[in-house]
Amino acid sequence: MHKTVSALLISTLVVSACGTRLNPFNWFGRGEAAPTTAASANTNPLIPERTGIFDSRNNEVVYNGQPIDSISELAVERVPGGAIIRATGVAAVQGVHSVQLTPAEEDEQAVDGVLTYRLEGLRGPNTGAGTPASREVNVARKVTDQTLRDVRTIRVEAARNALQSRR
């Protein structure tokens, strides 16, 4: 036993010291210098270049989410600087993704002390019914103290029901 272990140890040390392909440290080779693209002296590599009037940054992304079937849980948790609104819903079909709480008002302002959100998500292709646990979605949204200044009730609406939390 002692001869086998010592032979294995000696062979490992010999192989690791050599520059052959048997050495696992040499399998990927040493680092080599590669040419880089030369940046002009006037540009900052941290700022993306504009390409013109068809630049993608000029286009506003439109969210085409559909309302989730029902909302099963709503929690509002106080955090420094605001609150986190956490909602759990059950979609009508499986495969719903990119779920978000969309403000009912465009400027996210409270109407008569009620701040309202819609629970929405995007449906994937070839979605099936499945079990309620497989259709469950969770989402959270942080709201600042400035937004919550005149709010007495936070309401989250789904397609078939709505839940609200009062102060």
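Trainee: In the hairpin of β2 and β3, which residue takes a positive phi?

Mentor: This is a predicted model. The hairpin of β2 and β3 has two residues between the strands. The residue with a positive phi near 90 degrees is G81.

Trainee: Over how many bridges do β2 and β3 pair?

Mentor: Strand β2 covers residues 70–79. β2 and β3 pair in the antiparallel sense. S70 has V90 as its bridge partner in β3. The count of bridges between β2 and β3 is nine.

Trainee: Which residue in β6 is the bridge partner of R86?

Mentor: Strand β6 spans residues 136–144. β3 and β6 run antiparallel, joined by nine bridges. The partner of R86 in β6 is A140.

Trainee: Why is β3 largely enclosed by the rest of the structure?

Mentor: Strand β3 covers residues 82–90. Buried means under 20% relative accessible area. β3 is largely enclosed because the buried residues number seven of the nine.

Trainee: Do β5 and β7 run parallel or antiparallel?

Mentor: Strand β7 covers residues 153–157. Five bridges join β5 to β7. V114 has T153 as its bridge partner in β7. The sense of β5 and β7 is parallel.

Key: Residues are numbered from 1 along each chain as its sequence is written. This is a predicted model: local features need pLDDT of at least 70, side-chain atom pairs count only at pLDDT 80 or more; totals for chains, interfaces and linings use all residues. Side-chain values use heavy atoms; hydrogens and water are left out. Buried means under 20% relative accessible area, exposed over 50%, partly exposed in between (1.4 Å probe, protein chains only). Helices (H or I, at least four residues) and strands (E, at least two) are DSSP runs, numbered from the N terminus. Two strands pair if DSSP finds at least two bridges between them.
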